[in-house]
Amino acid sequence: MTDQTYQPTLSQLRAFVAVAEYRHFGTAAARLTVSQPTLSQALASLENGLGLQLIERSTRRVLVTAAGMRLLPQAMATLEAADRFVASATGDGLGGVLRLGIIPTVAPYVLPELLPELRRKLPSLVPQVVEDQTARLLDALRTGVLDVALLALPTDAPGLVEIPLYSEEFVLVTPRGHELAGRTDLSVPALADLPLLLLDEGHCLRDQTLEVCRTAEVHPGAVGDTRAASLTTVVQCVAGGLGVTLVPEMAVAAETARGTLDTARFADPAPGRTIGLAYRASSARAEDYEYLAAVIRSKRPF
């Protein structure tokens, strides 16, 4: 039975929300920058105070109970309200901690310019950057682990608001001297039968590249068992003669500077993607995130 006088702490609620999101105590503790025993104790205290089991633990998996699923949205709303309270106390809507998720094919190219600009324009802001794949960022947004995420749009995720920031073309990166190198009039069918190197599964750039090929009914050539978790690794494989790849415009300068490479560009309309911010529709910080979007838009790296 719940003790009617019990008042959960914000730390306990954050522990619950993080475990519910990541379904792993070690990962949740790392995200909250606390030890695993501290996280477990906070969750246990919350469950004892409520008289409810929120998380089902076993040696093999972590599940959210029915009671946990029922209370999770309210826990998230409470944490959002607390964050808004702290932001209001600073006199700056975007003051205090901002938990910002960014996909790996954007983070290395935006952050070097964006973080100094945020310090200049929003000195009371404390960004906490989480680089991760799109699906996990969206889960973290929905459960309140993140405040906002910078990723490719549209997400097709319910309950989120999306702010488009800019669009960028895909550029074909080839080994030096490739037959397509230097072209500016490529069509997507030119990719047919080329050994097209892709990021590993889970990266949205992989899905976007495959969708470009599917739309044009193009079938790239086989690339064997080559797998890469970063765009830098993919490009270095291209430099080593293993194939070709599509790189977003923002990454071209940085990635092609590291190897013996050439590029080719598509004729209009070139394939590409739109980058934007996403946040929960339930958030009361829409105006703040519009301002954040304007700052990011002003510092795009191309």
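Helices and strands here are DSSP runs, numbered from the N terminus. The structure on display is a predicted model.

Select residues 8-65, which an unreviewed UniProt entry annotates as "domain: HTH lysR-type". Over this stretch the chain is 62% helix and 10% strand.

**Second stop: the largest pocket.** Next, select Arg14, Arg31, Leu32, Arg99 and Gln128; of the 28 residues that line the largest pocket, these lie nearest its centre. The volume of this pocket is about 570 Å³.

Which elements each supply at least two residues of this lining? Colour helix H1 (10-22), helix H2 (25-32), helix H3 (36-50) and helix H4 (66-89), together with strand S3 (96-102) and strand S4 (125-131). H1 gives the most, with 6 residues. By class, the lining has 15 nonpolar, 7 polar and 6 charged residues. Domain 1 (10-88) and domain 2 (93-165 + 274-298) each contribute at least three residues to the lining of the largest pocket.

Now select Ala152, Leu153, Pro154, Cys204 and Gln208, which lie nearest the centre of the second largest pocket among its 14 lining residues. Two or more lining residues come from each of strand S5 (148-153), helix H7 (204-215) and strand S9 (272-280). The space in this pocket is about 270 Å³.

How many residues of each class line the second largest pocket? There are 4 nonpolar, 7 polar and 3 charged residues. To finish, colour domain 2 (93-165 + 274-298) and domain 3 (168-272), each of which provides at least three residues of the lining of the second largest pocket.

Key:
Residues numbered from 1 in each chain as written. Predicted model: local features only at pLDDT ≥ 70, side-chain atom pairs only at ≥ 80, totals over all residues. Heavy atoms only, no water. UniProt positions renumbered as here; feature names shortened; annotations may be inferred. Helix = DSSP H or I, 4+ residues; strand = E, 2+ residues; numbered from the N terminus. 1 Å grid on protein atoms, 1.4 Å probe; cavity = no way out; pocket = protein on both sides within 12 Å on 5 of 7 lines; lining within 4 Å. Points joined across faces, edges and corners; volume = space filled by probe spheres on them. Nonpolar A, V, L, I, M, F, W, Y, C, P; charged D, E, K, R; others polar. Domains from an automatic or database assignment.
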